[in-house]
Amino acid sequence: MAGGVKKPVNIFKLKDLNEPKGVFNWRLWFAVCSFGLLGAARGVDEGLINGAFNSKVFQASINYDSYNETEQANIKANVSAMVQVGSVGGALIAFLVCDRIGRVWATRQLCLLWILGIAIFMGHGNSLGAVYAGRFIAGLGVGQTPVVGPVYIAEIAPASIRGLCTCIFTGCVYLGIVLAYFTNYGAQVNIGDTTPNRWLVPTSLHIIFAGLIFILTFFQYESPRFLIKKGKSEEAVKVMSHIRQLPPDHDYVVSEISAIQAQHDEEMEATMGSNWTGVLKEMFLIPNNAYRLYLALTVQLLSQWSGAGSITLYAPDLFAILGITGTQESLLASGVFGIVKLVAALGCALFLVDVIGRKRALLIGITLQSIAVIYIAGFLTAVPELGVVDNYEIPSHQAAASRGAIAMIFVSGFGWALGWNSMQYLLTAELFPLRIRALSTSLAMTLHFVNQYGNSRAVPVLLLPTSLGGITPGGTFWFFSAVTVLGGVWVWFFVPETAGRSLESMNRLFELPWHQIGRRGNEDADRLDVALDEKQADMLSGTAEHVDEVGEKRV
């Protein structure tokens, strides 16, 4: 079919998809996993920084106790959020790097920036300014990862399993979080908070991942779609043949390359040239591209302010507010929280995103997240002293409700991993045409990090009592609840289903007026697929008849 495979995908029976033998081979999975590891950049930082900052040795190195409570909240927020500030710049330059030097070299340079920033942070020499500078530089590298990784994976993955492949990036976010949480926990238990190694050893995870990814890039090939964009068609055929493990003249390879080349030629003709004004015209003046940009940007806005990212970042603090006492216990609960989200992300990748589709998986995740944050908000409203009154102990008759709220933190993480966090990368990477893909993804990820920065910067202050300028923990979770519910309504009405479509056939989802795309876009795209299939069949039939007539005349 013109739009690609649309039937549910059982990843344990990929041979039933009627794809040529060899398409789902080790080279494909090696490339997907190599670039999927880029997701660990964010995960490691989100899982590490709060535990590292709470180290008494680290706090002593920046004279943390010399500041008042409000100043301490601001410093903690700034240190945590400085990677997001750098990531805004990283996401902004990612499209330039991606489109100038390619996806592979872009990965190499971001790894070097990442390592440099972390090295400055680890050797800050008791300077708060060096802490900020190091984390900002690391952010310049980390901010490029959600542009480079998902774009490369989406460009090399077969349409039938593109969701699974791209969700490996999301899974690696949680792999990084789990390793970070348990490294913090292990350092607290086995090293103790009396030496700088308490936070230096966990922080070295950054350098381990960045170094590993840098080395793996030397075993990978450039994206065939990038090569076609650069006019290197012959090289693109060779790379596609290598990744698919099929001969260059195989119908499957020829069909893929022809579709990519045809779409690129059509884009060039529609926007009259390859300069930057043509790219901007294509993004903002072609209605279906503008709608795609609206989807990608709104996904980032609603997902970040649903609060799940902040729950990940400040998990030890939130567990302490809800009744888990002790540093070790809080870190252990955070580690289990990371495992729950990793399992959810893997479950989404393996059993949902290419089986029931992106939209249904997203709505299931949002529903779980809504139930969880509404319960937590209600509990914190019923016990307003939590997080407001120092050393407040939960009364025995509210202990069960407290355990319920703690459980709902895990449910929230499970829903987030199933829904928003998987889809914010996947949808952004697969929605756009080739020529504007890197720039559009870069813009979306810039908004992603702007909102992530705002969220991570705001939450420590929002959790404060109203007398100190906050809205209390209860008010914070009611805000998260409202945004999460609003996000579910928006997805229902405006987001179309993209599962199973080739990147080159995505245009057909956006032919209807904007207000009908979310509810009827798939139905209309299927109709256009059938019409195109019939047209191609007629053309082939006409060609065959013409050949027969010529043959008869020659006889």
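Modeller: One convention first: Ala, Val, Leu, Ile, Met, Phe, Trp, Tyr, Cys and Pro count as nonpolar, Asp, Glu, Lys and Arg as charged, and the others, Gly among them, as polar. The model is predicted, so local features need pLDDT of at least 70 and side-chain atom pairs pLDDT 80 or more, while totals for chains, interfaces and linings use all residues. Residues are numbered from 1 along each chain as its sequence is written, and side-chain values use heavy atoms, without hydrogens and water.

Colleague: How many cavities are there?

Modeller: A cavity is a set of points on a 1 Å grid over the protein atoms alone where a 1.4 Å probe fits but cannot get out, and lining residues have an atom within 4 Å of a point. By this rule there are three cavities of 30 Å³ or more, a volume being the space filled by probe spheres set on the points.

Colleague: What lines the second largest cavity?

Modeller: Its lining consists of Glu 46, Gln 84, Gln 304, Gly 309, Ser 310, Leu 313, Gln 452, Asn 455 and Ser 456. Helix 14 and helix 20 (434-462) each give two or more residues to this lining, helices being DSSP runs (H or I, at least four residues) numbered from the N terminus. By class, the lining of the second largest cavity has one nonpolar, seven polar and one charged residue, around a volume of about 50 Å³.

Colleague: And the largest cavity, what is its volume?

Modeller: The largest cavity holds about 60 Å³. Of its 13 lining residues, Arg 42, Glu 46, Gly 309, Trp 416 and Asn 421 lie nearest the centre. Helix 2, helix 7 and helix 14 (308-313) each contribute two or more residues to that lining, which divides into five nonpolar, five polar and three charged. Glu 46 and Gly 309 also line the second largest cavity.

Colleague: What about pockets, and which residues lie nearest the centre of the largest pocket?

Modeller: A pocket is an open set of points with protein on both sides within 12 Å along at least five of seven lines. The largest pocket has about 1,500 Å³ of space. Lys 76, Asp 317, Ala 320, Ile 321 and Asp 390 lie nearest its centre, among 41 lining residues. Helix 2, helix 3 (56-61), helix 4, helix 15 (315-322) and helix 16 (327-352) each give two or more residues to the lining of this pocket, where 19 residues are nonpolar, 13 polar and nine charged.

Colleague: Changing topic, at what angle do helix 2 and helix 4 pack?

Modeller: Helix 2 (residues 40-53) and helix 4 (residues 69-122) pack at about 165°, with axes 10 Å apart. Axes are lines fitted to C-alpha atoms over the stretch in contact, and angles run from 0 to 180 degrees between N-to-C directions. Helix 2 and helix 4 are therefore roughly antiparallel, a label for angles over 145 degrees. The contact has eight nonpolar, two polar and two charged residues.

Colleague: And how does helix 7 pack with helix 8?

Modeller: Helix 7 (residues 162-190) and helix 8 (residues 197-216) pack at about 150°, with axes 8 Å apart. Helix 7 and helix 8 are therefore roughly antiparallel. The contact includes Leu 179 and Asn 184 of helix 7 and Arg 198 and Phe 209 of helix 8; its residues are six nonpolar, three polar and one charged.

Key: Parallel < 35°, antiparallel > 145°, perpendicular 65-115°, else oblique. Contact = heavy atoms within 4.5 Å.
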